[in-house]
There are 2 protein chains.
Amino acid sequence: VLAFDPGDAGYLRELAEFVAVPSVSRDASQDTMLTAASWLAGQLAFAGGQVAQTDGHPVVRGEWLGADGAPTVLVYGHYDVQPTGDLAEWETPPFELHADGDIVRGRGATDDKGPVYMVLKTAQAFMAQEGGLPLNVKFLFEGEEEIGSPHLPAFVRAHARELAADLVISADGAMWRPTEPSLSLASKGLVSMDITVEGASGDLHSGRYGGTVANPLHALSEILASLHDAGGTVTVDGFYDGIPPLSPERRREIAAVPFDDERYLADLGLAEAHGEAGYSTLERLWERPTLEINGISGGGKYTVIPHAAVANVSCRLVPGQDPDKVIEAITAHVSALAVPGVRAAVHPDEARVPAYTIPAGHPAIRAATAALEAVYPGEQVLLACIAGTLPATDLFERVLGAKTLFFSFSTADEKLHAPNEYLRVRRLREGMRAWEHLWRLLAAGQYRLGPVSAGEGQPGND
Amino acid sequence: VLAFDPGDAGYLRELAEFVAVPSVSRDASQDTMLTAASWLAGQLAFAGGQVAQTDGHPVVRGEWLGADGAPTVLVYGHYDVQPTGDLAEWETPPFELHADGDIVRGRGATDDKGPVYMVLKTAQAFMAQEGGLPLNVKFLFEGEEEIGSPHLPAFVRAHARELAADLVISADGAMWRPTEPSLSLASKGLVSMDITVEGASGDLHSGRYGGTVANPLHALSEILASLHDAGGTVTVDGFYDGIPPLSPERRREIAAVPFDDERYLADLGLAEAHGEAGYSTLERLWERPTLEINGISGGGKYTVIPHAAVANVSCRLVPGQDPDKVIEAITAHVSALAVPGVRAAVHPDEARVPAYTIPAGHPAIRAATAALEAVYPGEQVLLACIAGTLPATDLFERVLGAKTLFFSFSTADEKLHAPNEYLRVRRLREGMRAWEHLWRLLAAGQYRLGPVSAGEGQPGND
């Protein structure tokens, strides 16, 4: 068993260096992204860590292949983070890792710098204490996960041979709650788009023109209100096409998960749940797609009829949904509304990620279950789903023919993508210990890994 | 007849000093507002110009009362301006007055620094060339018009005796279009409010929580979409209460105004008009109230369910509508919707301005018509309405018992409140000449001015 040093305080000081780099993939300069990538490459010195260019933000690679005859895994994670949102809502500055009782707060602490840091430390401990890793490990950390990984596909295709592995292990993809260990059998897909409405050629005084012309904000409100019924079911024709009915078995499994709606809502400061009719809260979260308005902007608090307004919309997809068809359905819905007096349009973003699944019986799930049972003795490992999206999973399956195991020690309640993102400090040691167990188990050969068999997953390379 | 010197270039250099002070009443510092007020007081040296404190931004006063036996007028205007809006949309910096062909561009050029400047120069020319003004003139310029004049009422009430006049002449209140001279018989009232929707206690990751809880942006869209029908008629119960039906005579008068819908729309870059059913474009503009969403904000282009969203809403009111009742009606409408899973609320702003009217036969309208006919020979003076709002008019009638004549040489198409606000340069000389004529006509006594007769206007002081 490895000894993990130099204790939490030392780990936190080092993790703080990583968090201090404001590597917001949507906004940051090339220099900033390179700084974060270089920091990571430095941590991978034992594996020949290098920064590799893409057409976007760089990736970081490394590999240690000294375990002859053992399986090869590809460890995936990302060093980019989400924008901070409103700085006034942060209790402490977002890029200063701040210890506060049992947590550390900072942008990226839990998504995904903290979880990436855990696997780095595990590997370094193996190298220092045992002179090598128990199996062959390749590392691939990207800098564009939070913007839909637009340049990762080209990079992985161009380096498919070097990246080949029996299994991908993702340091991204949170456990769904803090009360028990869990593994995820699926993650949702994602498409996003802007819906724009344009009116007059310039902003108009709301008095001198009011009542004579259409207001883009009225039109946008009508369009957005038409996307759901009052209960929260998506009303876009074709949105739910292709989704297999939820089986009675799966409904029973989900109903058996200890889950308290009232406590879930109380934690969020809410009095009632809301969403698609006919499904429980957990069914909606794990098994049903969503269409969310993430942002609306236009005009301001002055007497204006703005000439344009925009809504940012994203959809989380489940298996069976075709990302392209979802975008087509929304575009057709907005066109059919034909809101008078304005020009409305849907502008889809480039990234289109389908949902992803790994079977419950996959050897990686069985090995990871055993690893978690070792770290959390006496606790049952829950088989859950990630309602979030990991764009790289579909890519790894199509191009490398390898399934992805989500093995993150982030937790879904740690304010991912929001102000005051945090990581539970105890997860640092739990995560390192779990990585150690997982690697030893996979190396021992009792869980035979191999490339995904033909017909099991998506059809071949795309 | 006065000679106006030193020519347009000299005037524009001086007006540029005034425009250069960024006196945005919503945002500017006390120092900035004081700088603008002091500039104005300096221009009123001939009338003992002074800056006077209020509980908000200061007012500027002055008076020249050397015309024994002549009527007394109170000249009103404002030195504050609207926010710039998006700086990227300005062709030249907003606080640098920029000559561009026949126009000068800059924030406040036409609303209301340019029109205020014209009356200053007229008065100074009288003083220099004739040693006095033809009638008694008091000046009152405020710094809070663009935020609803919250502190003007207390000031006017406290100084009612010093401000007493036979007529108020407002240098604010644009002519409605550039093709013919016009006077305004009415201005619309104004109420404004924020509609807020709150959901969870913090922003939520749209994947990890999506589908389980209500999204404030969905709820806000529903609320806003419910305020109008598809045609543009306001659907808030009670909104139109108290408005007398549009008389056949007034409909005929409006129908007789030369107005080309297609050209109006083409100038705005629009293909079709939009608004309340059953009324022509001009009827909607002049005679019907509006409810406009001026701004919406919440969330952004990232995968979030924001915890809150807000819409900025304002209503332009017509005679018969009670501002308090309009706010009550909207509040009741939002409450009755009871959008599930969120908390929605209406937060009215303090200022509540009813609509204002001056009769077509009022001596001030007749004198102003004659003055405009002298400046624009051969052109018919149109009797129009201001679809915008001048909060001070109702106050002057109630407290001073004086009607307000709108006498501005701004034009409604000059991008008031929008980026690239401008003033037609020729309006400078037209305006000065018109003020000269108006004052001479009022002084000559052929249009007998007097306090508003009991029962003609609003009931007494409030």
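Q: Is K121(A) buried or exposed?
A: This is a predicted model, in which local features need pLDDT of at least 70 and side-chain atom pairs count only at pLDDT 80 or more, while totals for chains, interfaces and linings use all residues. Residues are numbered from 1 along each chain as its sequence is written, chains are lettered from A and ligands numbered from 1 in the order in which they are written, and side-chain values use heavy atoms, with hydrogens and water left out. Since buried means under 20% relative accessible area, exposed over 50% and partly exposed in between (1.4 Å probe, protein chains only), the 8% of K121(A) makes this residue buried.

Q: Which residue meets K121(A) in a salt bridge?
A: A salt bridge is a side-chain nitrogen of Lys or Arg within 4 Å of a carboxyl oxygen of Asp or Glu. For K121(A) the N to O distance is 2.7 Å, and the partner is E14(A).

Q: Which residues are joined with E436(A) into one network by salt bridges that share partners?
A: E436(A), buried at 2% relative accessibility, forms a salt bridge with R433(A) at 2.8 Å, and R433(A) is partly exposed at 25%. Through shared partners, the residues in one network with E436(A) are E130(A), R433(A) and R440(A).

Q: What rotation superposes chain B on chain A?
A: Copies are superposed by least squares on the C-alpha atoms of residues with pLDDT of at least 70 in both. The shift along the axis is 0.0 Å and the RMSD 0.0 Å, with a rotation of 180 degrees. The two copies are thus related as by a two-fold rotation axis.
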